[in-house]
Amino acid sequence: MGALFIPKTLVLLPHLIVLGLLGMVNMAVVFIGYLAVLLNGRYPEGLFSFVLGVGRWNYRVRAWFAGFTDQYPPFSLASGDDQPVRLTVDYPESSSRFLALLGLMAMAPKAILLLPHLIILSLLDSVSYAVTYVAFWGVLLTGAYPRGLFDFVFGIMKWQTRTDSWLLGLTDRYPPLSLE
């Protein structure tokens, strides 16, 4: 099964390298953002936009890998209104100082609060690779992504994105345990 994903992974290698480097910068930006929230109750808009941009880029890469779109993802943090896959998060006028404090503590307390999500998502992530493989054959044979498989894999991606957004301080709303 893994051999099917090798060509896509190779094509995405430049994205994966850049996103890996951006991920390290992103963690420093999140730390500074949490510090700013702790001091003044607001996530600086520029830092928020950067963290959201890295999330958008990652989301588009994951969607292309899963076969949700044939349009190769751009190397961009921008919102990409012309892109078939878009991720938006409303900029909050204020953010929780308490959640920022938890985030500043090496994110361990927030990760502990997310344990149910992290455990379930780690299991579902493995299943999503198998489902994506089956969907590939469905697309190959029928010309369409089987709707139930699409909804399942997309639900996992949405859940993961909501969980990441809360962990990184983009929202104070705790994510639901749901594929919806």
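Is Y145 buried or exposed, and what is its relative accessible area? Y145 is buried, with a relative accessible area of 19%, where buried stands for under 20% relative accessible area, exposed for over 50%, and partly exposed for what lies in between (1.4 Å probe, protein chains only).

## About the model

This is a predicted model, in which local features need pLDDT of at least 70 and side-chain atom pairs count only at pLDDT 80 or more, while totals for chains, interfaces and linings use all residues. Residues are numbered from 1 along each chain as its sequence is written, and side-chain values use heavy atoms, with hydrogens and water left out.

## Aromatic rings and charges over rings

A pair of aromatic rings is described by how far apart the centres are and by the angle of the planes. Here, rings of Phe, Tyr and Trp (its six-membered ring) pair if their centres lie within 6.5 Å, and planes under 30 degrees apart count as stacked, over 60 as edge-to-face and the rest as tilted. The structure holds 13 aromatic pairs; one of them joins Y145 and F150, whose ring centres are 5.6 Å apart and whose planes stand at 85°, so this pair is edge-to-face. Y145 and F150 also belong to one aromatic cluster, together with F68 and F154.

Charged side chains also meet rings in this model, and a charge is said to sit over a ring if NZ of Lys or CZ of Arg is within 6 Å of the ring centre and within 35 degrees of the ring normal. The charged end of K8 sits over the ring of W64, at 4.8 Å from its centre, and the charged end of K110 sits over the ring of W166, at 4.5 Å from its centre.

## Two salt bridges

Side chains of opposite charge can pair when their charged atoms come close. With a salt bridge taken as a side-chain nitrogen of Lys or Arg within 4 Å of a carboxyl oxygen of Asp or Glu, the structure holds 2 salt bridges. In one of them, the side chains of R42 and E93 meet at 3.5 Å, N to O. This pair links distant parts of the chain, 51 residues apart, with R42 in the loop between helix 1 (2-40) and helix 2 (45-65) and E93 in the loop between helix 2 and helix 3 (97-104). Helices here are DSSP runs (H or I, at least four residues), numbered from the N terminus. R42 is partly exposed, with a relative accessible area of 34%, whereas E93 is exposed at 56%.

The side chains of D151 and R147 also form a salt bridge, at 3.2 Å, N to O. D151 and R147 are separated by about one helical turn, because they lie 4 residues apart in helix 6 (residues 147-167). D151 counts as partly exposed at 37% relative accessibility, while R147 is exposed at 57%.

## Helix 5 and two of its residues

Helix 5 (residues 115-142) contains H117. This helix has 28 residues and reaches 39 Å from its first C-alpha to its last, which is close to the 40 Å expected at 1.5 Å a residue, the expected span being 1.5 Å times one less than the number of residues. Just after helix 5, G143 takes a positive phi of about 85°.

The buried residues of helix 5 include H117, L121, L124 and S128. H117 has 0% relative accessibility and therefore counts as buried. Leaving aside neighbours within four places in sequence, H117 is in contact (heavy atoms within 4.5 Å) with W159, T163, Y174, P175, P176 and L177. L118, also placed in helix 5, is partly exposed at 35% relative accessibility, and L118 touches A111 and T163, not counting residues up to four places away in sequence.

## The largest nonpolar core

A nonpolar core is a set of buried Ala, Val, Leu, Ile, Met, Phe, Trp, Tyr and Cys residues joined through side-chain atoms within 4.5 Å. The largest such core has 34 residues, of which V30, V51 and F68 touch the most other members. Helix 1, helix 2, helix 3, helix 5 and helix 6 each supply at least two residues of this core, and the largest share, 11 residues, comes from helix 2. Not counting residues up to four places away in sequence, V30 touches Y43, V51, M107 and L168.

## An exposed loop residue

D90 is placed in the loop between helix 2 and helix 3, where D90 is exposed with a relative accessible area of 71%. D90 touches F48 and L170, again not counting residues up to four places away in sequence. The C-alpha atoms of D90 and L52, which are 38 residues apart along the chain, are separated by 9.9 Å.
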